[in-house]
Amino acid sequence: MQTNEDGTTTIGVGLISVGWMGQLHSRAYTNLRYAYPDLKIRPRLVHAADPASARAEEAVEVLGYERASADYRDVLNDPEVDVVSICAPNFLHAEIGVAAARAGKHFWIEKPVGRGEHETREVAEAAAEAGVVSSIGFNYRHAPAVEYLRELVAEGRLGRITNVRGQMFADYSADPRGALSWRFVRGLAGNGVLGDLMGHLVDLVQYALGPIREVSALTSTVYVERPELPMGTGTHFAVIEDGEMKPVENEDYAAMLVRLSDDASASGAVGTLEASRVAVGPRASYGIEVYGTEGSAHWDFERMNELHLSGGLGAENQGYTRIMARPGMGDFGRFQPGAGTAMGYDDLKVIEAKKFLQAVLGREALNSNIQDALSAAQVVTAAERSAESRGWEQSSPVAGTTASTRV
Ligand SMILES: NC(=O)c1ccc[n+]([C@@H]2O[C@H](COP(=O)([O-])OP(=O)(O)OC[C@H]3O[C@@H](n4cnc5c(N)ncnc54)[C@H](O)[C@@H]3O)[C@@H](O)[C@H]2O)c1
């Protein structure tokens, strides 16, 4: 890391895995300087790794990395790499996360961190021991309308929060010919939609309302086999004609009843959360509805720039007002000058890159960190146990999680 005379700090970036998320992290680093010129941070794309040679080449030719390798260890051993993005499939997260921490590299890692609570904990312990900064790919919490919803709750504008309803309904595998990517193989992904989407929803709820203490869950698998997609090719949105059918090893759908912790800002609140990767109709309907004694608010990623807010009991005409995200709401003004011109999904990753690198420079602690990932993993793992035991399962809140302590 180098800081020049005008205070601009250049940070060497390493990337592990050049799939969908690896490409997106790279674009986020590149675009950071345009959205946040005043922060004087210059990410320098140094070294990328992917065993799929076409992807390693793409890292240099298209994304602008100075060099690329097949082996992720070459990135971690590169002295010009200060921070690393870990965008590998889930089964590699624990191995690579621990190795990154031991190499002294601050890391931005995709969710879920590993194949369940035990692997997330291994990474958390390694990061704590090495004293490196971590950030997690919980991008939905950065949506300006979500930040605003969180503020409304914290300021008590919705009254006492009584219940929350959330869903993560995707159609990426709604077609039975939808590819069997690594996401469907237990050894490569861990659980299915619980880790892939429910973890995001748990983080949203915990970010807005505080820790979840107890869950009762059920899961189901709608399609038990799918045509195989080789690793490092295509995306999990692919539909394959006449492919070789292989078994689906984890769940397509999950539902949970949840009870929030007594020390949550929405203490005593309860709720229902659902996730599906085979929904027909919703395309990426990821949202939460928060209900309080004096009002309620709804947000859905399919309409990311809107928040639907009730006028509350006192309003003459009760119902919902559609509020458009605007400058002053979260980081909206960094991307668009006025309400009504939409921010997009990629912009959320630019915000995430900013929070990560600001934390690395010791300037801000607003990034989601490995404790947030551990907290979400505990809830998801409790849900898995509950689906098995058919009873309620506890999730002990992780001490120091930013989700419950920061406004
Ligand atoms: N935050 C989000 O909204 C979001 C969205 C999608 C994916 N994700 C997460 O990001 C991670 C990656 O998902 P993706 O959709 O980008 O996957 P992907 O399948 O598009 O890419 C994975 C890449 O990893 C590479 N790879 C395989 N073995 C490797 C190894 N040994 N070393 C290094 N690289 C290796 C593959 O060649 C491939 O290029 C997952 O953990 C996923 O859950 C998060």
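**Aromatic pairs and a covered helix**

The count of aromatic pairs comes to 11, where rings of Phe, Tyr and Trp (its six-membered ring) pair if their centres lie within 6.5 Å, and planes under 30 degrees apart are called stacked, over 60 edge-to-face and the rest tilted. Take Tyr-140 and Tyr-345: this pair is tilted, at 6.3 Å centre to centre with 35 degrees between the planes. Tyr-140 sits in the loop between β7 (134–136) and α6 (144–154) and Tyr-345 in helix α9 (residues 345–360), so the pair ties together parts 205 residues apart in sequence. Tyr-140 is buried at 6% relative accessibility, and Tyr-345 is buried too, at 19%; buried means under 20% relative accessible area (1.4 Å probe, protein chains only).

This is a predicted model, in which local features need pLDDT of at least 70 and side-chain atom pairs pLDDT 80 or more, while totals for chains, interfaces and linings use all residues. Residues are numbered from 1 along each chain as its sequence is written, and side-chain values use heavy atoms, leaving out hydrogens and water.

Ring pairs also link Tyr-140 and Tyr-345 into a cluster with Trp-20, Tyr-172, Phe-237, Tyr-286 and Phe-301.

Seven of the 10 residues of α4 are buried, among them His-93, Ile-96 and Val-98. The cover over these buried residues includes β2 (9–16), β6 (106–109) and α5 (117–130), by contacts with heavy atoms within 4.5 Å. Just after α4, Gly-104 takes a positive phi of about 75 degrees.

Definitions and conventions:
Buried means under 20% relative accessible area, exposed over 50%, partly exposed in between (1.4 Å probe, protein chains only). Helices (H or I, at least four residues) and strands (E, at least two) are DSSP runs, numbered from the N terminus.
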